[in-house]
Amino acid sequence: MKNIVILGAGFGGLRAAMDISRKLTELKLLDKYRVMLVDRNDCHLYTPFLYLLAAASEELPRSTCTYDTSSLMKGSSVRFMQSEVASLDLMNGDVHLKTGEEIRADFLVIAMGSETNYFGIPGLKEHAQELKTVQSALRVRETLKQAFAKGGDVKIVAGGAGPNGIELATELRLWANKEEKKNQNLRVSISIVEALPTVLMGMDPRVQKSAAKRLADLGIELKLNAKIVSVSEKEIAIDGGAKIPFDVFVWTGGIKTPDAVTQLPIQKEPHGKPVPQPSLACLPGTPDLKLGPMVYGIGDSVCFVNPKTQRPVPAVAHIAILEGGIAAHNLIEQIKTAEIPGYKPQLTSYVPKEYPYIIVAGGSWAVAKLGPFVFSGLLGWTFEKLVELKYLSSIMPFMSALKKSLFG
């Protein structure tokens, strides 16, 4: 029995596991291949909704953005293991878990997502809160509740004017408005600090303009070209000498691939011999998503550059899902080549390009780009809900997905 091991039950890993399991069933190869999905959490996290947990005026249940992985795998041949990866030994094909167990991986799909990147900025990790997990989102919310309860002037800063920073800041503004009405002594100011000259760098200028206007309309101060050089307990130092005081600082400004992935010896010499390479923010992706003879990398674990814009392809859910499907297809083609005499594999390539995207910016307002069209407001938000429903219905029964989408 050969093991196909998928590390990470995020968007890409879940899609790869489901597709591989289904195709092995169709090929009647489940007696020869076993699919194993490993994740340190017992739930699949719908990361686009983390900001809602952190910034909702009314407490939301954890289930708003998490779905039990074992339940999602019910009825499939996928074996789910809740465990954390300690290290990977590609030379011997072993996955070492922090519990001390070892898993033999005949095929490996690395979909371990990302960690918060603090870029070595002094004091940033110690004094800023992150928005990466359910636990961190709930910590942000508790900190905000305590700040609002004290009253007076409350200064909230979001680090980074990417999608996460904008979604968080705008939802926080709506929550703060409600709190100010209940407490006349409370005055909340919200700002976004961004090192680059525009919000949503790399996105369509019309989307950038629409998002910036939405921030201005909500009274959120935007500080562009403001590179953070250090952070103390209550103050952010900006390159050039400016200081930005804060009561709550949430960092949403960057991600990096986990160290267990970036330290892998996967750069290849002409004859395929693995050799070490320096640690990167992410691993360079390949068209077939293969990192080695039996190893695939998808989602935030790999990075691509859009040849048209010369900018990195954003680490967003629909791209990870697409890559998960491509990796699953190519892995199955590899298996069919081994199992079917004379079979010629039909591989699929991932081509970096511009994809549709949606930025939610407070309540029932979003800006979306679909092909050449950009639309915002309630229409953009409606499009976001349809995209959410489409994804959820791909991992659970339609009526369950509809209920989740409508009621959380």
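Valine 157 has its place in strand β12. Helices (H or I, at least four residues) and strands (E, at least two) are DSSP runs here, numbered from the N terminus. Residues are numbered from 1 along each chain as its sequence is written, and side-chain values use heavy atoms, with hydrogens and water left out. Note that this is a predicted model: local features need pLDDT of at least 70 and side-chain atom pairs count only at pLDDT 80 or more, while totals for chains, interfaces and linings use all residues.

**View 1. Valine 157 and what it touches.** With a relative accessibility of 1%, valine 157 counts as buried (under 20% relative accessible area; exposed is over 50%, partly exposed in between, using a 1.4 Å probe and protein chains only). Leaving aside residues up to four places away in sequence, valine 157 touches Ser191, Val193, Ile236, Ile244, Pro245, Phe246, Val248, Phe249 and Val250. Contact here means heavy atoms within 4.5 Å. Aspartate 68 is 89 residues from valine 157 in sequence, and their C-alpha atoms are 33 Å apart in space.

**View 2. β12 and the strands paired with it.** Strand β12 (residues 152-159) runs parallel to β13, with eight bridges between them; two strands count as paired if DSSP finds at least two bridges between them. Glycine 152 stands opposite leucine 186 of β13. Six of the eight residues in β13 are buried, so this strand is largely enclosed by the rest of the structure. β12 also pairs with β18, again in the parallel sense, over four bridges. In that pairing, glycine 159 sits opposite tryptophan 251 of β18.

**View 3. β18, covered on both faces.** Strand β18 (residues 248-251) has Val248 and Val250 on one side and Phe249 and Trp251 on the other, and all of them are buried. Strand β11 (residues 129-130) runs parallel to β18 and is joined to it by two bridges. Look for glutamine 129 opposite valine 250.

**View 4. Helix α7, one face in and the other out.** Helix α7 (residues 205-217) has 13 residues and spans 18 Å from first C-alpha to last, close to the 18 Å expected at 1.5 Å a residue (1.5 Å times one less than the number of residues). Its buried residues are Val207, Gln208, Ser210, Ala211, Arg214 and Leu215. Seen down the helix axis, they fall within an arc of 165°, so they line one face of α7; the arc is that of the directions from the axis to the C-beta atoms. On the other side, Pro205, Lys209, Lys213, Ala216 and Asp217 are exposed. Among the elements covering the buried residues are α6 (163-182), β13 (186-193) and β14 (221-223).

**View 5. The two ends of α7.** Aspartate 204 caps the N-terminal end of α7, with a side-chain oxygen 2.7 Å from the backbone nitrogen of arginine 206. After the helix comes glycine 219, with a positive phi near 80°.

View 6. Four bridges join β26 to β27, and valine 360 stands opposite alanine 366 in β27.

Definitions and conventions:
A polar contact is a pair of N or O atoms within 3.5 Å; within protein, one must be able to donate a hydrogen and the other to accept it, and residues adjacent in sequence count only if both atoms are side-chain atoms.
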